[in-house]
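Subject: Structure handover

Hello,

Here is the structure we spoke about, with notes on what turned up in it. Please read the notes with the model open beside them.

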Amino acid sequence: MDIVLEQSSWIRDYEVSGSRASDIAASIEAAITHGRLIPGTALPPVRELAAQLGVNPNTAASAYRLMRDRGTVETRGRNGTQIRNRPATSPASRSLSLPLGTIDLSMGNPDPALLPRLSPRPVIHPPLYGDPVLDPALRRHAERLFARDGIDAEHLACTFGALDGIDRLLSAHLRPGDAVAVEDPGWTQLLDLLAADRLTPLPVPVDDAGPDPSALASALAAGAKGFIMTTRAQNPFGAVVEEQRANQLRAVLKDYPDVLTIDDDHGADLASDPPHHLAEATRHWSYLRSASKAYGPDLRIALLAADAITHDRVAGRLRHTARHVSRIIQSTWADALADHTTQRLVHTAADRYNERRTALIEALAARGVVAHGSSGLNVWIPVPDESAALSALLAAGFAAAPGAWFRIRSGPGLRVTTATLDPDTQADRIADALARAVTSRSAADSGTGWS
């Protein structure tokens, strides 16, 4: 009887209901979305859930199977069915409720004042079915840019941004249950995508020079069938892959020629460093260069270069779904790449972002706080306690993104987006607040300094 009462409490607390498998699954996923069920929570055994809801056990089993197929839950042997660490539901928990007047540095957006004003060209000859899927002018720019960076551009395609390109690449080569080596800390949307695709992330730690080669070797030995690397402006760490590190990673990959490599170069236009990539390191490789950071998040487009087989699979999937990225979007980016005024604005934006990011890192260093951010829009700050550091920032009037959004196994930290930061008036205030939080916490924990 006590067990039944406890189970009834579970149903009541999490507002789970439904008489059909789809309705039961939807109610559990709604509880996850709204924070009532958190990752790691164990769900009742199938028969117990069925008894609580008054449905056939087969119905409850179907509900769990639906959620497994959608990447919401996972079965862990004797531990039963649990909410995944990154369930593939709407990430409502990835937003912050901020006091009025708080300066929000948590979202990762570029500075609207530094984005070029783009205007689609008038459509004189509307593209029709059967026309080339890649705008000829954009193809010429892609071939020029990729040739400059040492990337084979024989096989080119367009996708709807970097994440869409990664999704299409993974689906072209991998299957649910496969493992993928990813950076840790890494891009939260990518980690969520892997959960939605029921792929298992194997973490590869990142430092200022890029992913750790020995950790990559371990992930590949453990069965990873893909490796996703951010070439420049790594989110959230800000790393730029150095030439020596890229060579070390290539040496590791030589023993795994069938692994799919994906270079995500989303920060190409905002980084001064040349890309040290993994193109052609294995039989199946790909390189994505996207537009959203430099030209605006609404310009949903990325150029994809890949080996012939990978390109054919991605292009084939596109033909069967969206057919192609709108030629209006393609021509808009092509015109921006050809316009000298727009390119000067993009280069100016890159300089401003570098100044703002550097100002915060130097202000933190002056107070004994280590931070990372060689390129891009973000600074990663290791902290002993994320909650304490976030609270200290809020008290100073700023919001940052908790490291938990980006981490798999790496240590705690904060991501501060410096894209709109005023280096003259805000860098010192943020550094003061974080220095106080770090110093007080580390002193309480160990009685010694922290670095």
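Helices and strands here are DSSP runs, numbered from the N terminus. By that numbering, Ala-233 falls in the loop between strand 8 and helix 9. The model is predicted, so please read everything below as computed from that model.

Backbone in the loops

Ala-233 is not a glycine, yet its phi is positive, at about 55°. Is Ala-233 buried or exposed? Its relative accessible area is 8%, and the cut-off for buried is under 20%, so Ala-233 is buried.

The loop between strand 8 (224-230) and helix 9 (243-253) also holds Pro-236. The peptide bond leading from Asn-235 into Pro-236 is cis, with omega near 20°.

Another cis peptide bond links Asp-184 to Pro-185, and there omega is about 5°. Pro-185 sits in the loop between strand 5 (179-184) and helix 7 (188-196).

Arg-198 is a non-glycine residue with a positive phi of about 55°. Arg-198 is found in the loop that runs between helix 7 and strand 6 (200-207). With a relative accessible area of 27%, Arg-198 is partly exposed.

Aromatic residues

How many aromatic pairs are there? The count is 4. One of them is Trp-380 with Phe-406: the ring centres are 6.3 Å apart and the planes are at 90°, so this pair is edge-to-face. Trp-380 belongs to strand 12 (residues 378-382), while Phe-406 is in the loop between strand 14 (401-402) and strand 15 (413-417), so the pair ties together parts 26 residues apart in sequence. Trp-380 and Phe-406 are both buried.

Phe-406 also pairs with Trp-405, and that pair is tilted, at 6.4 Å centre to centre with 50° between the planes. Trp-405 is buried, as is Phe-406. Trp-380, Trp-405 and Phe-406 together make one aromatic cluster.

Elsewhere, a charged residue lies against a ring: Arg-323 is over the face of Tyr-129, 4.6 Å from the ring centre.

Helix 6

Helix 6 covers residues 162-173. At 1.5 Å a residue, its 12 residues should span 16 Å, and the end C-alpha atoms are 17 Å apart, which agrees. Why can helix 6 be called largely enclosed by the rest of the structure? The reason is that 9 of its 12 residues are buried. The buried residues are Ala-162, Asp-164, Gly-165, Ile-166, Arg-168, Leu-169, Leu-170, Ala-172 and His-173.

Strand 4 pairs with strand 11 (residues 302-306) in the antiparallel sense, over 4 bridges. Which residue of strand 11 is the bridge partner of Cys-158? That partner is Leu-303.

Met-67 is part of helix 4 (residues 57-69). Its relative accessibility is 0%, so Met-67 counts as buried. Apart from neighbours within four places in sequence, Met-67 is in contact with Ala-25, Ile-28, Glu-29, Leu-43, Thr-72 and Val-73. As for distances across the model, Met-67 and Arg-140 are 73 residues apart in sequence, and their C-alpha atoms are 45 Å apart in space.

Gln-343 is in helix 13 (residues 340-366). Gln-343 has 16% relative accessibility, so it counts as buried. Its side chain makes a polar contact of 3.0 Å with the side chain of Tyr-295. Leaving out residues up to four places away in sequence, Gln-343 touches Tyr-295, Ala-336 and Leu-337.

Regards

How values were computed:
Residues are numbered from 1 along each chain as its sequence is written. This is a predicted model: local features need pLDDT of at least 70, side-chain atom pairs count only at pLDDT 80 or more; totals for chains, interfaces and linings use all residues. Side-chain values use heavy atoms; hydrogens and water are left out. Helices (H or I, at least four residues) and strands (E, at least two) are DSSP runs, numbered from the N terminus. Buried means under 20% relative accessible area, exposed over 50%, partly exposed in between (1.4 Å probe, protein chains only). A polar contact is a pair of N or O atoms within 3.5 Å; within protein, one must be able to donate a hydrogen and the other to accept it, and residues adjacent in sequence count only if both atoms are side-chain atoms. Contact means heavy atoms within 4.5 Å. Rings of Phe, Tyr and Trp (its six-membered ring) pair if their centres lie within 6.5 Å; planes under 30 degrees apart count as stacked, over 60 as edge-to-face and the rest as tilted. A charge sits over a ring if NZ of Lys or CZ of Arg is within 6 Å of the ring centre and within 35 degrees of the ring normal. The expected span of a helix is 1.5 Å times one less than its number of residues. Two strands pair if DSSP finds at least two bridges between them.
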